[in-house]
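Open the model in your viewer and keep the selection tool ready.

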Amino acid sequence: GVYETLKAQIDLAELVGQFAELEDRGNTKDCFCPINEQSSKNPAFKIYDDSFYCFSCEAHGDVTSFWKLIHGFASNWDAAQDLARKYNIELPQMDPEARKRYEERRQREEGWAGAAQANHERLLGGSASARKAREYLTDRGFTEEHWRRFQLGVDAAGQRVTIPYWSGGQIHGQVARALGDDLVPKYLYPKADEFALKRRTLFMQDSPRSQEYLLVEGFFDQLASEALGIPAIAAGSAGFSKEQTADLLDMAKKGATFVISRDKDERGRERAQDMLEKLYPYARLMPDLPGDGKDLADFYREHGEAAEEEIRDLMEEGEDAVELALARL
């Protein structure tokens with residue numbers, strides 16, 4: 001598609017670097033906000049691979065979003081066409097109906113982004129429910145930087161933490177997790193046709209790359225892995241769907257590989273084995289994390305940043321479906 005083509009061919013850091021001086025911080029490239037005047041004295045604009053977030057004005061998005069904001073275009077479509085002309089990129093030809101679908105999709109993304117922003121601002125507020133939500137997130141090991149980076153929030157009722165459903169640098173929906181165990185159901189999800197693509201996509205912050213990913217079940221597992229600097233993709237509590245599995249196989253054909261981290265319950269083991277076989281030969285199964293915790297989120301909650309080395313070591317020990325079958329024989 002149009003926006004995916006631009007993300008794949010334009011380096012966001014190079015683009016932003018035309019308007020501000022960047023500092024390489026390892027996981028991010030930082031600068032003073034080129035979009036709005038900063039109130040803080042330290043660089044607040046951070047680039048995470050092909051997406052950005054400003055801790056000062058809270059602008060966020062991809063290369064098209066940045067181009068729209070920096071030049072004041074009325075729509076993402078206009079910004080995309082101008083950006084393509086600047087970089088001499090030939091965009092996919094679209095008939096009017098296809099363009100209409102793309103515009104509707106982008107509008108849905110912007111609608112979800114607006115809802116996420118409202119919930120995020122509520123999380124940073126002074127209400128009792130906001131304090132409770134911040135305590136919940138802090139207890140799980142997520143700092144204010146993580147709240148802002150992933151745009152975590154709290155719903156209007158003050159009963160659930162909200163997690164934007166990131167996919168390829170855009171927000172495609174929103175998930176809500178109950179703050180108390182007495183609230184049922186524990187998680188709330190958008191319906192399939194409410195997602196930006198009218199279906200559940202892979203839960204991941206950045207665009208797909210030719211690299212190794214950790215496959216996890218829960219959203220907090222994925223956020224914990226990303227907080228540790230380990231690229232991860234989550235399925236959600238329902239497990240990877242047929243469409244999501246097809247997305248993973250498409251990524252694999254373009255160079256991605258996967259290590260599966262399974263939940264330590266019967267359902268988690270069954271799902272992990274199923275995905276291991278479906279993704280062969282592109283996936284390996286990681287040995288279980290030590291301790292009594294159920295999943296990666298629990299392990300991160302207990303060990304914090306020290307969990308990274310242990311997880312990476314276990315990833316190296318991962319075995320594929322054939323290796324495990326031979327071992328059983």
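Is C57 buried, exposed or partly exposed? Select C57: this residue is partly exposed, with a relative accessible area of 27%. Buried means under 20% relative accessible area, exposed means over 50%, and partly exposed lies in between, using a 1.4 Å probe and protein chains only.

Before going on, note that this is a predicted model: local features need pLDDT of at least 70, side-chain atom pairs count only at pLDDT 80 or more, and totals for chains, interfaces and linings use all residues. Residues are numbered from 1 along each chain as its sequence is written, and side-chain values use heavy atoms, with hydrogens and water left out.

**Cysteines**

A disulfide is a covalent bond between the sulfur atoms of two cysteines. Here the rule is a pair of cysteine sulfur atoms within 2.5 Å. By that rule the count is zero disulfides. Show C31 next: its nearest cysteine sulfur belongs to C33, 7.3 Å away, and C31 is in no disulfide. C31 is buried, with a relative accessible area of 1%. Return to C57: the nearest cysteine sulfur is that of C54, 3.7 Å away, and C57 is in no disulfide either.

**Cavities**

Now look inside. On a 1 Å grid over the protein atoms alone, a cavity is a set of points where a 1.4 Å probe fits but cannot get out; lining residues have an atom within 4 Å of a point. Grid points are joined across faces, edges and corners, and a volume is the space filled by probe spheres set on the points. The whole structure has two cavities of 30 Å³ or more.

Select Y48, S51, R149, W166 and Q205. Of the 13 lining residues of the largest cavity, these lie nearest its centre. The space there is about 140 Å³. Colour β4 (51-54), β5 (60-61) and α7 (144-150): each supplies at least two lining residues. Such helices (H or I, at least four residues) and strands (E, at least two) are DSSP runs, numbered from the N terminus. β4 gives the most, with three residues.

Move to the second largest cavity, about 40 Å³ in volume. Its lining includes S261, R262, D288, K294 and L296. By class, that lining has two nonpolar, two polar and five charged residues. Ala, Val, Leu, Ile, Met, Phe, Trp, Tyr, Cys and Pro count as nonpolar, Asp, Glu, Lys and Arg as charged, and the others, Gly among them, as polar.

**A pocket**

A pocket is an open set with protein on both sides within 12 Å along at least five of seven lines. The second largest pocket has a volume of about 420 Å³. Select R177, K186, Y187, K294 and D295, the closest to its centre among 21 lining residues. α8 (219-227) and α11 each give two or more residues to this lining. Twelve of the pocket's lining residues are charged, six nonpolar and three polar.

**Helices**

L296, F299, Y300 and H303 in α11 meet A307, E310 and I311 in α12. Contact means heavy atoms within 4.5 Å.

Last stop: L324, in helix α13 (residues 321-328). L324 is buried, with a relative accessible area of 17%. Not counting residues up to four places away in sequence, L324 touches L276, L285 and E319.
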